[in-house]
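Hello,

Here is the structure I promised to pass on. Please open it first; my notes follow below.

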Amino acid sequence: MESLIDSALFRIASEFVFLYPFVMTHVWIIGSLLYFFKWERHQPLTVPVLSEYPPLSILLPCHNEGDNVRETIHWLAQQQYPQYEIIAINDGSKDNTGAILDELATQYKKLRVIHFTDNQGKAMALRMGALLSPHEYLVCIDGDAILEPNACTWMMWHFLSNERVGAVTGNPRIRNRSTLLGQIQVGEFSSIVGMIKRAQRIYGKIFSVSGVVAAFRKSALHRVNYWSTDMLTEDVDITWKLQRDHWHIRFEQNAKCWILMPETIGGLWKQRLRWAQGGAEVLLRNIDILVRWREYRMWPLFLELLVSMVWVYALAAVGVIAIATYLLGLAHLLSAPAGQVNFGDYVGVLVYTSLVQFAVGFYLDSRYEKNLWKNFFWVIWYPVAYWLIVACTTFIGLPKALFKKRGQRAVWISPDRGVRHDLDVK
C-alpha cells in the first residue's frame, strides 16, 4: 500500500483530479467574460426589429404531458411573432395527453396535432414534425416548458444575420425552486450551463444546444439527416452533426424558456445518468473526428469530453485508494511529503473556485432574471450534490454506451419534474 501511495502514478492522478475541474472552471469564467464584453454587453435588451419575419413552426413533442401541455400551449399561443404554427406530436402517451391536444386544437387555430400510437422517442417525434412543417425555420421545445413571448423573435434574429447559422440554442431557466435541489439547479443553469455555452461560443464550438429550447434551419437539418433516433441525447447528437457539417450554432440568452427539473435524488440520478450515457454515445459516434483535418475545430470539444471521462475514472481510482488507506489505518500516508497529496486543501480551493464561478454566472444572468443572488447561499452544496452524482453517472454511463446495441431506438421515459408552480412571465 505504501508503494502505491508513494508512486508517481498516484501523485499524477491525484493532481489531475484536482487540476482538471480547477482549470476548466477558469476556462469557463474567462470565456464567458470574453463573450460578455465582446457581444453581450452591447446587445440591447429590447426585442429586435427584424428585416423580415419568415414563417416558422414550433415543434412540441409530447409524451405523458397531460399535467403540463395545456399551459405550455397557452403560452405558445402568445408568441409575439407574426407568422407561426404549432405542431404538437403526441408520441404514444398513455395518459390523457392526446385528448387534451385534440381539445386544444379546436381552441387554437395555430395548433396542429399528430398522434403516434406507440412510443417512438423524441428524435422520431421531432423528425415527423419537421417533415410535416412547410416552413424553413423550426423552434423546438419540450411539452412541459413555457416559452417567453419574444423568444422566437430573438432566435430568428440570428438566422437572418448569417446564412450559415444552422441552430440557435435558447436560455433555459429553472421554474421549480421549492427544494434544496431546485435552488441548487438555479445556480447550476446560471453558472454552469449558461457560462459554458458563452465560453464555448467564444472558443468556436458548442457542445450541445438545449434540448428544451432550440431553433433550427430545416435545410441544415436535412443535410445531416435530421435527429438520430438511436441516440439517447438527441440534442447533443444533432449539435455535433450540424457543426461537423460546418454550420454555426449560436447562443441567445434573451430567448428564455422556463423548465421543470427533478427535485428528488432519484429523479436527478436518472436524468444525469441519461445525460452521461448520451455524452458517451456522442464521444463514440464521433471518434473519427480526430483523423479528419477539415474538422479540426471540433477537436478541442472532443478532447474535453474525452478528458472529462478520464477524470471520472481517475477520481474513482484515487477515491478507492484513499478509502482503503483510511480503513487500513494508513490515512496519514496520504498527507505525507512523499505523496504530496493534501485532499483538504484541494477541496477547499475547489469550493472557493466554485463560489467565484457562481458569482460570475449570477452577474451575467442577472440581466435576464431578477433575484438570482438570493440563491447564492445554496450553491455551497453544489460540490456535494453534483460533483459526486456527475462522477458516478459518468462512471456507469460509459459502459452502458459501450455495450448498447447499435441502432437501438431511444424512447421516452417520463422524468421527475419536481413541484410545479404558476409562472408570471413579465
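**Overall make-up**

The chain contains 13 helices and eight strands. Please keep in mind that this is a predicted model. Of the 426 residues in the chain, 55% are buried. The chain exposes about 19000 Å². Carbon and sulfur atoms supply 63% of that area. Take the contacts between residues at least 6 apart in sequence: 84% of them join residues at least 24 apart.

**The sheet**

Eight strands form an open sheet with mixed pairing. Their order is E3-E2-E1-E4-E7-E6-E8-E5. Strand E3 (111-116) and strand E5 (146-147) are the edge strands, and each pairs on one side only.

Start with strand E1 (residues 56-62). Seven bridges join E1 to strand E2 (residues 84-91), and the two run parallel. Ser 57 has Glu 85 as its bridge partner in E2. E1 is also joined to E4, by four bridges, again in parallel. There, Leu 56 has Tyr 137 in E4 as its bridge partner.

E4 and E7 run antiparallel, with five bridges between them. Ile 141 stands opposite Val 213 in E7.

How buried is strand E4 (residues 137-141)? Five of its five residues are buried, so the strand is largely enclosed by the rest of the structure. Both faces of E4 are covered. Tyr 137, Val 139 and Ile 141 are buried on one side, Leu 138 and Cys 140 on the other.

**The cores**

The largest nonpolar core has 37 residues. Leu 56, Leu 60, Val 139, Ile 141, Leu 147 and Met 155 have the most contacts inside it. Helix H6 (residues 151-161) gives this core its largest share, six residues.

Ile 141 deserves a look of its own. Leaving out residues up to four places away in sequence, Ile 141 touches Leu 59, Leu 60, Pro 61, Thr 72, Leu 76, Leu 147, Val 212 and Val 213.

Ser 210 sits in the loop between helix H7 (180-203) and strand E7 (213-217). Is Ser 210 buried or exposed? Its relative accessible area is 9%, under the 20% cut-off, so Ser 210 counts as buried. Not counting residues up to four places away in sequence, Ser 210 touches Thr 169, Gly 170, Pro 172, Lys 197 and Asp 235.

Ala 105 belongs to helix H4 (residues 97-107). With a relative accessible area of 29%, Ala 105 is partly exposed. Beyond its neighbours within four places in sequence, Ala 105 is in contact with Leu 111 and Val 113. Ile 86 is 19 residues away from Ala 105 along the chain, and their C-alpha atoms are separated by 9.7 Å.

Val 291 lies in the loop between helix H10 (265-285) and helix H11 (299-327). Val 291 is exposed, because its relative accessibility is 70% and the cut-off is over 50%. Val 291 is also part of a nonpolar patch on the surface, with Leu 290, Leu 303, Leu 306 and Val 310. Together the patch residues have about 420 Å² of accessible area.

Best wishes

Key: Residues numbered from 1 in each chain as written. Predicted model: local features only at pLDDT ≥ 70, side-chain atom pairs only at ≥ 80, totals over all residues. Heavy atoms only, no water. Buried < 20%, exposed > 50% of the residue type's maximum accessible area, 1.4 Å probe, protein only. Contact = heavy atoms within 4.5 Å. Core = buried A, V, L, I, M, F, W, Y, C linked by side-chain atoms within 4.5 Å. Patch = residues over 30% accessible without salt bridge, like charges linked within 9 Å, V, L, I, M, F, W, Y side chains within 5 Å. Areas by Shrake-Rupley, 256 points an atom, 1.4 Å probe, with all protein chains shown as cover. Salt bridge = Lys/Arg side-chain N within 4 Å of Asp/Glu carboxyl O. Pairing = 2+ DSSP bridges.
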